[in-house]
Every structure is written in C-alpha cells, then in structure tokens.
Amino acid sequence: MKVKYVDLGKIYQDYKEEIIKKFDEISRQGMFVFSNELESFEKQFASYCGTKYAIGVGNGTDALFLVLKALGIKQGDEVITTPNSFIATAGAIAATGATPVFVDVSEDYNINPELIESAITEKTKAIMPVHLTGRLADMDSINKIAKKHNLFVIEDAAQAIGASLNNKKAGSFGDAGCFSLHPLKNLYVHGDGGVITTNSTELYEKLLKLRNHGLKNRDECEFFGYNSRLGAINAAIASIKLSGLDTLNNKKRQIALKYIKSLKSYVKTPSERENEKQVYQVFVISTEKRNELQKFLIENEIETKIHYPIPIHLQEAASHLGYKEGDFPAAEKQSKQILSLPIHPHLKDEEVDFVILKIKEFFNK
Ligand SMILES: *Cc1c(COP(=O)(O)O)cnc(C)c1O
C-alpha cells in the first residue's frame with residue numbers, strides 16, 4: 001500500500017462542478033481582479049473568523065508584510081517571533097527592514113510566552129506568534145505581555161484557519177491575523193492567495209489602499225503602495241471551499257485523534273487544552289529515532305515530511321542576525337525529532353491503520 005502525504009487531485013473532485021461553474025461565469029463577465037466575488041469572500045471569511053474585516057491579498061507572506069507596513073514597522077524596529085516556523089514569518093519582518101528577534105518555543109511547538117519579556121527592548125514594536133501545525137499559540141499570555149509593553153500582536157495564522165479556543169478563532173486574537181491560501185494549507189486556492197483579518201477600521205482602510213498601489217480611487221494615489229490582490233477566480237474558489245472547511249477539518253481531526261490514541265505510547269503526540277480545537281494543518285509526532293523512523297516509513301511507501309528541519313535562526317539568510325547553534329535549545333531539539341504524518345481528508349481508514357501498524361512495527365522491532 002502506498003500512502004501519499006497529500007492528495008490535492010481528490011479534493012478537487014469534491015468541488016469540481018461548483019468550481020467549473022464559477023470559472024465559466026467569471027470568465028464570461030471578465031471581472032478578474034476586483035469583483036463581487038472578492039467582496040463576498042471577504043465578508044464570509046471575516047464572519048467565519050469572527051472579525052469585523054477581512055482583506056484578500058496575493059499570498060500569506062504578503063499578508064504578514066502588508067500588516068507590518070500598515071502598522072508603520074520599519075528599519076530600526078524589532079519584531080519578536082519564533083525560530084520554528086516556515087521561513088516566511090521572519091522573511092516578512094526582514095522585508096520591512098525591521099529585525100526579527102527570536103524567542104524559543106514550548107512543548108507545543110509554539111512561542112514560549114515565559115521567554116518573551118526578556119527579549120523586549122525599546123526597539124520592539126510587535127510580537128508575531130505563529131499558530132504552528134494548526135494549534136493556537138498561548139494568545140492570552142501573549143496579549144497580556146503586548147498590552148503591558150504597548151506592542152502590536154500580529155498572528156501568523158497561515159496554518160490555523162478554523163483553529164479555536166473557547167470558540168474564539170485564529171485571526172481574532174491580535175491586532176491582525178494573516179492567512180495563506182497556498183495549496184498546502186487547509187483552505188486553499190488554485191495558486192497563491194492570502195487573507196488578513198482585523199477588527200480595526202483604521203488598519204482595514206490602510207490595507208485596502210496598501211494592497212492596491214496606495215490608490216484611494218481610480219486616479220488618485222495617497223501613498224506609494226504595492227500590488228497584492230486576491231483574484232476573482234481564486235476568491236470564488238476560496239468561497240466555495242470555506243463553506244466545506246469545517247467538514248474537511250473534522251475529517252482531519254478524526255484521523256488525528258486516531259493517531260494520538262494508537263501512537264501515544266510510542267512517540268510524543270499532540271495534546272489539546274480544554275475547549276481547544278486544533279485543525280491539524282500538519283500532524284506532528286516527535287521521537288529521538290526520527291531519521292530511522294522516516295527511512296523505515298519510506299521503505300514501506302509511507303510519505304512523511306519535516307516541518308521544519310532547520311530552525312530559522314540557523315538558516316544562511318539569518319546569519320547577519322548573529323544567532324548560533326544552542327541559542328534556542330527547544331526549537332533545535334524539536335527540529336531533530338519531529339515528523340509530520342500523512343493527514344489529508346481523503347486518507348482512507350485502511351491507510352491510517354497501515355501507518356499506525358508500520359510505526360508500531362518499527363518500535364517493536
Ligand atoms: C505557508 C506559510 C506562510 C506563507 O504563506 P504563503 O501563502 O506561502 O506566502 C507563512 N507562515 C506560515 C507559518 C506558513 O505555514
């Protein structure tokens with residue numbers, strides 16, 4: 001049996017008719033950029049996340065970058081974030097000219113709030129927690145620290161659409177939430193896409209202009225901005241898929257719960273807080289025998305990934321920041337022990353059972 005890590009072709013089959021119908025409709029009208037499709041998707045997305053506003057942009061990295069720009073973050077400023085994330089989190093901070101300042105993570109793979117305050121300086125302007133793997137960072141503690149030190153909070157929610165704590169969703173805790181609609185995310189479009197959520201009218205209005213050249217109307221430009229927009233076809237696709245997202249997330253959740261139940265005595269598995277709902281963007285286990293286990297699973301045609309094998313502070317791109325091995329022991333240790341198992345909504349029961357069987361076989365050898 002061959003177990004694929006993802007199967008985007010199968011997910012397409014679920015939505016094919018609706019997508020083709022929309023594609024045809026939009027193509028006939030010829031409204032490919034700003035359109036009703038974008039506006040109605042933005043309303044639907046904001047309502048899903050429980051925020052006042054949502055703004056469609058070019059991709060998740062732009063979402064982070066544009067929010068930082070809109071909040072006035074620039075060269076000489078510092079933004080606190082985590083070394084265990086996709087490179088885009090720190091990349092977006094660096095693209096504004098500001099300095100990413102890393103803080104180590106906790107057992108849950110997210111930024112450790114207890115270590116944040118010692119990283120704050122007079123240059124710190126914002127905290128950018130990442131809801132890694134589809135699990136919310138400790139937003140209560142982070143918001144308290146931010147309030148005390150008068151800092152912005154920008155959620156990198158690229159992996160966490162639909163994740164919630166006490167029914168409050170990712171993207172509604174900070175000053176802004178940033179989402180990616182990349183094909184490897186739970187809610188995805190056919191290409192790149194991103195969304196920003198916020199409750200601030202001021203930030204919303206600024207972002208509407210910032211993503212569209214700084215234009216306040218067709219002919220008048222208030223400031224030089226960027227071109228980062230979510231096209232009508234992808235907005236329509238996102239809209240169709242958002243309607244089915246909870247069903248898809250629940251399927252992944254069922255698989256996750258089965259993995260946890262069957263594997264928790266062999267490897268470290270994710271845990272949930274009370275009233276918490278993770279969306280398992282990725283399902284991460286952790287073991288000292290990670291490399292051997294991954295090799296054994298490949299031999300058995302089970303595809304796995306590592307999110308992420310190199311912590312950001314040890315990337316070549318970060319060398320000028322002056323970090324070294326040993327600076328963030330938790331993130332470094334995790335990067336050597338984590339493994340992401342296949343978890344997509346079309347994974348069959350027998351495939352899940354096969355993955356479990358092979359992992360048990362590996363440890364019982
Ligand atoms: C995917 C991802 C991004 C970037 O999103 P893109 O749409 O690919 O630009 C940023 N942060 C995290 C944590 C991500 O997983």
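The model is predicted, so to speak of local features a pLDDT of at least 70 is needed, side-chain atom pairs count only at pLDDT 80 or more, and totals for chains, interfaces and linings use all residues. Residues are numbered from 1 along each chain as its sequence is written, and side-chain values use heavy atoms, with hydrogens and water left out.

**The ligand and its shell**

- The ligand is surrounded by 15 residues, each with a heavy atom within 4 Å of it.
- Gly60, Thr61, Asp156, Ser180 and Lys185 are the closest.
- By class, the shell has five nonpolar, eight polar and two charged residues. Here Ala, Val, Leu, Ile, Met, Phe, Trp, Tyr, Cys and Pro count as nonpolar, Asp, Glu, Lys and Arg as charged, and the others, Gly among them, as polar.
- Helix 3 (60–70) and helix 4 (88–95) each give at least two residues to this shell. Helices (H or I, at least four residues) and strands (E, at least two) are DSSP runs, numbered from the N terminus.

**Atom pairs at the ligand**

- An oxygen atom of the ligand lies 2.7 Å from a backbone N or O atom of Gly60.
- A side-chain N or O atom of Asp156 is 2.8 Å from a nitrogen atom of the ligand.
- Ser180 has a polar side-chain atom 2.6 Å from an oxygen atom of the ligand.
- The protein buries 93% of the 380 Å² that the ligand exposes when taken alone (Shrake-Rupley method, 1.4 Å probe).

**The largest pocket**

- About 680 Å³ of space lies in the largest pocket. A volume is the space filled by probe spheres set on grid points, which are joined across faces, edges and corners.
- A pocket is an open set of points on a 1 Å grid over the protein atoms alone, where a 1.4 Å probe fits, with protein on both sides within 12 Å along at least five of seven lines; lining residues have an atom within 4 Å of a point.
- The lining holds 37 residues, and His182, Pro183, Leu184, Lys185 and Gln281 are the closest to the pocket's centre.
- Helix 3 gives the most to this lining, with three residues.
- The lining divides into 19 nonpolar, 12 polar and six charged residues.

**The second largest pocket**

- The second largest pocket has a volume of about 270 Å³.
- Among its 13 lining residues, Glu39, Glu42, Tyr204, Leu208 and Arg211 are the closest to its centre.
- Helix 2 (36–49) is one of the elements that give two or more residues. Its share, five residues, is the largest.
- Seven lining residues are nonpolar, one is polar and five are charged.

Methods
A polar contact is a pair of N or O atoms within 3.5 Å; within protein, one must be able to donate a hydrogen and the other to accept it, and residues adjacent in sequence count only if both atoms are side-chain atoms.
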